[in-house]
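Here is a short briefing for a first look. Start with the picture, then read the points by topic.

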Amino acid sequence: MEVTTRLTWNDEKRLQKQLGNVSLSLLYKSSVHGFGLRDMVQRCSHQGSTVTMIYLKTNIIGVFMLGNYPTLSKYFEEPHYSFCFLFRSKDNITGTDTFLLNMAPEIADNQLMYRLSDETFFSLCPNNKTLYLLRSVKKKLGLFEGRTMDPFIYGECEVFRVEEFPKGINVHRDRLLEELRAYKPYEDLVSKVHILLLGPVGSGKSSFFNSVKSVFHGRVTRQAIVGSDITSITEQYRTYSVKDGIGGKSLPFMLCDSMGLDETERIGLCMDDIPHILKGCMPDRYQFNPHKPITPQHSAFITSPSLKDRIHCVAYVLDINSINSLSSKMVAKFKQVHKEVLNCGIAHVALLTKVKNYNEVMQISKMLDIPIRNILMVENYASEFELDPVKDVLILSALKQMLRAADDILEDLPLAETGKLVPFCPS
Amino acid sequence: MALTTRLTWLQEKLLQNYFGGKKFSLLYKASVHGFSTVELLERCHNEGPTMTVIYSGDYVMGVYTQESYQERKEVSIILFVLQDTNISKCKMRLLIPWKSDHSGILQSCEGELLINFERKNVKVASKIIENLGLPQNNPISIQDYEVFRCEDLLDERKIEGVTVLRDSLLCTLRTHKPYGDLVPQVRILLLGPTGAGKSSFFNSVKSVFRGHVTCQALVGSDTSGISKKYRTYSIKDGRDGNFLPFILCDTLGLGEEEEGLCIGDVSCILKGHISDRYQFDSMKPITSGHQNYIGSPLVKDRIHCVAFVFDANSVEHLSPEIVVKIKSIRREVIKCGIVHVALLTHVDSMDLITKGDLIETDRCVPIKLKLKAVQREFGFALSDILVVSNYTSEWELDPVKDVLILSALRQMLWAADDFLEDLPPTEEEERMACVFILKITQGA
């Protein structure tokens, strides 16, 4: 009699990843602890979030509960977050295998069930080893095992405590991925939206690009050099195209990375380089010189940039931990840059990393004169070993907001500008 | 929200190692579930081996039992005390009460130990207290009480899973094709201080693909380092004899002052100017007139990924001169646009590490702390620091080590793909021109 899960080790790790890189502790195993509802409830109550794995003949059904397991004596009035999913023993994860159960789990008639106004969506009866799923739930999970109306017979049931909190995050991540893949710039005025990442040295600009690429590649990437010492400062202007997976086509945006801003004169990005970047005159891989801006005489200078060459959205990237140490000189520099961005009529957002409370967001809004709705929060892949759906959602959401902001600007362009090949900015 | 233990990671680690590499799953916590023997038995009977931890103010006391809790049954237990990092223990037998017993008392058969849940205290006989090295202070108050199920960190199921993963990685790496087929094989340069395990890592990689422990690059403990030549090792796949899609390049180790690899040689290596078996001179870099010098290297000749190799046990004790040298080289690597990773070797010999930790290095606190130390010292991103355990004295392969080695290698190949994908267009056009000319020649 060994209290060990039936999942293989690889499946256990896969389940952990699907739920958002959580830890799992086995609390109840029916073949050891008894096929009775009471046996299950007495071990699983008051443990925090749980996932219940139900082993059918050829499928595994999982139920994640954010709140505590229901008890025999208490009736839960408040619904809390739950979802039912089909667990697959392979790497491809699709969003259609999950059914949201936004209702309260309850114990009644020797069953654990989810029901709403006389309709039972899910019912687990340990004493009979049966699982009933409403037809719409079956359909959503892609289950066609057994006859339509009959409950399933299961062989084993295990309940794990889930440490850390997924929130149906994979579904949301997948939806965002699809939206971004299908995104088209406003009226196809440009084939790709150019997003410029601007910020102080070490604020995470290159990290953000790597994180975006990692999400679409499905693995951690390291194309832009990242690190935490002086050696890894970005010194080149880069326009990164992101492919949709290995061998996939290019996505409809480019991320442009530049040298970091520095409060000291003649260190970091030269202020006179900024208008050239914004107008689209800066060539890819241009080596910055903090002392001297690029000139039209430079061999690779783009002398007549069109709408597609321009920057369409600027993202100010700031590490929230260093906000309070921003000097007045740096703030002044930011305002100077911001003024230039406004002059060019370019969309702009602020991108914050590791935000902990709302006051910090208010502070940024006031300091940089950016509306709250344009302040986005992400956590870059700088300290993780594997992809994390929670971080994915933050990164993809930020990207979506940038593209929306760019669309607003493209929509607002004067009609004359959309057809002409002259720079938009006032000279 | 989730039920969590009061044990610190160090306490948990010490107990894990003490009881033979166990993993602890928290089942019952008195401050949440109630100070009650009834509740305890409801949740914790029929769980196999368990560990019960009693939190007193100054120390942690616990009961370890190999047998399941079952009512009205005697079980052999180990009563232990954890003070700082020391564990002392005493054996006795415990009587498990009936579920219906509401007295809230748990006691040993001889009466030396009496746990009173309702009063939240423990009484231990004087001689036992003396044996455990505790102050004579009865009764001992209980702040909290936790019960864990004990499982082997490395059980048959996990070994099987690791073996499946190892085989999957082997297949993936054997069939890997460099990005866009720009080069036939990816070149990975191993750089690091003398004795860090560069040659040992190469031998380990070769061993994994051969299916048995092998030794081609000489490894020794000579302080000046045995590797004095530049070597580019192409590895044959043990199964069907084809060459693997990567080449590991080994250099002279980095040393202090005038010893070790000459800094001037580094950029030549990176750009692909140095051919196999070039004899390094610590005092003088290679010159364009040398017979091993390649005047016009192609993309396939250059380095596509650099791995800085460090011994996990000595990486925090490198001399300032070596640290400066490594940072200088890293800057050179970045200037050449080459992607790099850091490779920590010999993590298996770190303090407190057991083999069970190696299958989940990302959840192992001592390893995480080591990675953070490397990040602080050299500036590598955490996601760029890989950990392995080289084959040094074994005769048989171990799937746990294999997975670490293959996972690190996969990261390097991905990094090289990132480098190749980012090559300037002229490089690619140049290659296409070469291919075109080649086809014309063949057509004639």
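A surface patch is made of residues with over 30% relative accessible area and no salt bridge; like charges are joined within 9 Å, and nonpolar side chains (Val, Leu, Ile, Met, Phe, Trp, Tyr) within 5 Å. A salt bridge is a side-chain nitrogen of Lys or Arg within 4 Å of a carboxyl oxygen of Asp or Glu. Accessible areas come from the Shrake-Rupley method with a 1.4 Å probe, and for residues only the protein chains shown count as cover.

This is a predicted model: local features need pLDDT of at least 70, side-chain atom pairs count only at pLDDT 80 or more, and totals for chains, interfaces and linings use all residues. Residues are numbered from 1 along each chain as its sequence is written, chains are lettered from A and ligands numbered from 1 in the order in which they are written, and side-chain values use heavy atoms, leaving out hydrogens and water.

**Chain A**
- Chain A holds eleven helices and 17 strands. Helices (H or I, at least four residues) and strands (E, at least two) are DSSP runs, numbered from the N terminus.
- Of its 427 residues, 58% count as buried. Buried means under 20% relative accessible area, exposed over 50%, and partly exposed in between (1.4 Å probe, protein chains only).
- Among contacts in chain A with a separation of 6 or more, 64% involve residues 24 or more positions apart. A contact means heavy atoms within 4.5 Å.
- The accessible surface of chain A is about 18,500 Å², with 51% belonging to carbon and sulfur atoms.

**Chain B**
- Chain B has twelve helices and 16 strands.
- Chain B counts 444 residues, and 56% of them are buried.

**Surface patches**
- Negative charge gathers on the surface at Glu187(A), Asp188(A), Asp408(A), Glu411(A) and Asp412(A). Asp and Glu count as negative, Lys and Arg as positive; His and the chain ends are not counted. The place of a charge is NZ of Lys, CZ of Arg, CG of Asp or CD of Glu.
- Glu411(A) sits in helix α10 (residues 389-411) of chain A. Its relative accessible area is 49%, so Glu411(A) is partly exposed.
- Trp9(B), Leu10(B) and Leu369(B) make a nonpolar surface patch, together about 260 Å² of accessible area.
- Leu369(B) belongs to helix α10 (residues 365-378) of chain B. It is partly exposed, because its relative accessibility is 46%.

**A buried arginine**
- Arg302(B) lies in the loop between α7 (263-271) and β14 (305-311) of chain B. Arg302(B) counts as buried because its relative accessible area is 18%.
- The C-alpha atoms of Arg302(B) and Val183(B) are separated by 10.0 Å, and the two residues are 119 residues apart along the chain.
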